[in-house]
Amino acid sequence: MPTYARHDQALHAMVGEELVVLNPQSLTYYEFNEVAARIWELLSAGPRTADELVTSLSAEFEVDPDRARQSVAAFLADVTAKGLVTEQ
Amino acid sequence: MSPTAAGIAHRLFERTLWSARPLRLLAPADQDSAPAPGDVHLQWCDEPLDIEPDAELVAGRRGDFCTRRSGSALIVDRPACGIRVRCDLGGINLVLHPLPAPQSAPSGTRQAADGLVTRVLCRLPSLWGQVPLHAAALGTPRGVVLVTGVSGAGKSTVSQYLVRDHGWQLLDDDTSALDPRSPLRVQPMRARSRLHAQAAVELGLAGESLPAYAGRKVALPGTALDPAPPGVAAVVHLIRVPAAQAPPGPPRASRISGPQALLRASAAAMPLEPRSHQWLANRLAASAQLAVAPTATLTSAKEAVTAREVAAGVAAFAAAEWSAT
């Protein structure tokens, strides 16, 4: 099962309650919602599998695991395509 | 100003710059003080500086305003003023050269000096770990108000009206720096105001014509050298648009969200090496700190709205934000 890690060049900052992430290659900024910000925080602590992320999120946000799995898969595909996360 | 062995002392942000020739757009510094660590030293060389043709381009375009890396130095070309500046990576030791032929433009010492101040020295804090912003800084009892906008948006003229009509203190009308490592504090560049000649006439201000702007702009006498008040009280981004695209009525500032404010602040930053990872990290950290302050855009019609009305819109936004807290 692949693991996902933050791209080591990606930068982030909190603006009040909001998380903003910068891709230094494209110089593009991305605004993360609360769930995305939590995934980013988990990935900042070290590489994670999608299942590990689903387990954490479904417990913390009290959502159905299937729904969490769909959201995590969509998010990981999106941020991987944007160069913010690498699949290992 | 009479030079010492170290040169003529000028204010540059919160540092002293020593130069063998005067830089009339910068405020004078205490000439009796001795050079200190962190001071900037500018040498003038009358010989052109050749660099290897494949030197890495890090900003701008070859043949135009650009920065290249050459060994352990940055080389900044400003063809419009006929200058090439060699700068160490710490932003401390600079050498000003004429551009080699055929790029060299007819340029006098004063024009070279003015171009150095307005296009190169203003970006120097990016090599000191700070973030220079293309923003006017005005002192108010609640802290500094920053006014950003592209060249021609009206920062300088609006700043003059904020001083005249609203009693704010002009710290610098074009460039200010932030240090992302410390609580947010604005460091104005302390350059002389540069105002459109027509606006100076309308304000009844006498200015010195600037050849680098083909006489369209004049330099006013120096701005206040009082310390900037701590903290950023508000940020307003000026946007001038054709009348058909402007909202009806008097110009009114629109509050924007924190992430939007971060993007605006980032866009106003002025680096010498825009893709350096350290610069990007500093810019993001400083912009995120700045974005916590009340921030607005103020869109107005170029033809129909005066700078005085824009200034009133800036002051009204600040007053409304401050009365709510």
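This is a predicted model: local features need pLDDT of at least 70, side-chain atom pairs count only at pLDDT 80 or more; totals for chains, interfaces and linings use all residues.
Local features need pLDDT of at least 70 and side-chain atom pairs count only at pLDDT 80 or more, whereas totals for chains, interfaces and linings use all residues. Residues are numbered from 1 along each chain as its sequence is written, chains are lettered from A and ligands numbered from 1 in the order in which they are written, and side-chain values use heavy atoms, with hydrogens and water left out.

In chain A, helix H2 (residues 50-60) packs on helix H3 (residues 65-81) at about 130 degrees, with the axes 9 Å apart. Helices (H or I, at least four residues) and strands (E, at least two) are DSSP runs, numbered from the N terminus. Axes are lines fitted to C-alpha atoms, for helices over the stretch in contact, and angles run from 0 to 180 degrees between N-to-C directions. H2(A) is therefore oblique to H3(A). Angles under 35 degrees count as roughly parallel, over 145 as roughly antiparallel, 65 to 115 as roughly perpendicular and the rest as oblique. Residues of H2(A) in contact (heavy atoms within 4.5 Å) with H3(A) include Leu53(A), Val54(A) and Leu57(A). Their partners in H3(A) include Ala68(A), Val72(A) and Leu76(A).

H2(A) also packs with helix H1 (residues 34-44) of chain A, at about 135 degrees and with axes 11 Å apart. This pair is therefore oblique as well. On the H1(A) side, the contact includes Ile39(A), Leu42(A) and Leu43(A). Leu53(A) and Leu57(A) are among the H2(A) residues that they meet.

In chain B, helix H2 (residues 155-166) and helix H6 (residues 307-323) pack at about 65 degrees, with axes 8 Å apart. They are therefore roughly perpendicular to each other. Tyr161(B), Leu162(B) and Asp165(B) are among the H2(B) residues in contact, and Arg308(B), Val310(B) and Val314(B) are among those in H6(B).

The largest pocket holds about 1,100 Å³ of space. A pocket is an open set of points on a 1 Å grid over the protein atoms alone, where a 1.4 Å probe fits, with protein on both sides within 12 Å along at least five of seven lines; lining residues have an atom within 4 Å of a point. Of the 45 lining residues, His134(B), Val150(B), Ser151(B), Gly152(B) and Lys155(B) are the closest to the centre. H2(B) gives the largest share of the lining, five residues. H6 of chain B is also among the elements that each supply at least two.

How values were computed. Grid points are joined across faces, edges and corners, and a volume is the space filled by probe spheres set on the points.
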